[in-house]
Amino acid sequence: MRYALLLLLLAGCASAVNDVTPEQAQALAADPSVFVLNVHTPYEGEIAGTDAFIEDWENIALHTDQLPADKDAPLLVYCRSDRMSTSAVAQLQKLGYTNINHLIGGMNAWKEAGLPVEDKGGQT
């Protein structure tokens, strides 16, 4: 019984990751309170509203200066296909971020939904 209670308590401490569709991601990206992070390397465009582009997706902890100081701030994380962003999301969880939204299928799914991709040359 104690073991089950401990598991329930630990599960409640884990940060939530919301897998979102392109349409849901579009609404999130339009919300100025959401920090939008592109982790695709090499740069191949971005979603409007992107706040940061971190090429070093395997070492997110080295780039905390580009991330919100508030670990409870809502994040939207994406890459081209969702492979790199899946790794970035796990790293963000380890850093203590608690409100992570992950674009499933990445910019590929975004484009398939007919949504536009901007090209700012990685200068967000």
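**Figure 1. Glutamine 91 touches Trp57, Glu58, Asn59, Ile60 and Ala61, leaving aside residues up to four places away in sequence.** Touching here means a contact, with heavy atoms within 4.5 Å. The model is a predicted one: local features need pLDDT of at least 70, side-chain atom pairs count only at pLDDT 80 or more, and totals for chains, interfaces and linings use all residues. Residues are numbered from 1 along each chain as its sequence is written, and side-chain values use heavy atoms, with hydrogens and water left out. Glutamine 91 sits in helix α3 (residues 83–94). Helices (H or I, at least four residues) and strands (E, at least two) are DSSP runs, numbered from the N terminus. Glutamine 91 is buried, at 17% relative accessibility. Buried means under 20% relative accessible area, exposed over 50%, and partly exposed in between (1.4 Å probe, protein chains only). A polar atom of the glutamine 91 side chain lies 2.9 Å from the backbone nitrogen of isoleucine 60.

**Figure 2. The whole protein has four helices and five strands.** Along the sequence, the order is α-β-α-β-β-β-α-β-α. The protein has 124 residues, and 40% of them count as buried. Take the contacts between residues at least 6 apart in sequence: 69% join residues at least 24 apart. The mean pLDDT is 89, and 85% of residues reach 70 or more. pLDDT is the predictor's confidence in each residue, from 0 to 100. Residues 1–12 have pLDDT below 50, and this stretch has zero contacts in the model beyond near neighbours in sequence.

**Figure 3. Helix α2 (residues 22–29) has Pro22, Ala25, Leu28 and Ala29 buried.** Down the axis of α2, these buried residues fall within an arc of 115°, so they line one face of the helix. The arc is taken from the directions that run from the helix axis to the C-beta atoms. An α-helix has 3.6 residues a turn, so residues three or four places apart point the same way. What do the buried residues of α2 pack against? The partners are strands β1 (16–20), β2 (35–38), β4 (75–78) and β5 (99–103), plus helix α4 (106–112).

**Figure 4. Tyrosine 43 and phenylalanine 53 are paired in the one aromatic pair that a search of the whole structure finds.** The pair is edge-to-face, with 5.1 Å centre to centre and 75° between the planes. Rings of Phe, Tyr and Trp (its six-membered ring) pair if their centres lie within 6.5 Å; planes under 30 degrees apart count as stacked, over 60 as edge-to-face and the rest as tilted. The pair links distant parts of the chain, 10 residues apart: tyrosine 43 in the loop between β2 and β3, and phenylalanine 53 in strand β3.

**Figure 5. Histidine 63 lies in the loop between β3 (52–53) and β4.** Histidine 63 is buried, with a relative accessible area of 18%. Histidine 63 touches Ile54 and Asp56, setting aside residues up to four places away in sequence.

**Figure 6. The backbone at proline 42 and aspartate 82.** Most residues other than glycine have a negative phi, and most peptide bonds are trans. The peptide bond from threonine 41 to proline 42 is cis, with omega near -5°. Proline 42 lies in the loop between β2 and β3. Aspartate 82 has a positive phi, near 105°. Aspartate 82 is in the loop between β4 and α3.

Conventions. Polar contact = N/O pair within 3.5 Å; in protein donor to acceptor, adjacent residues only side chain to side chain.
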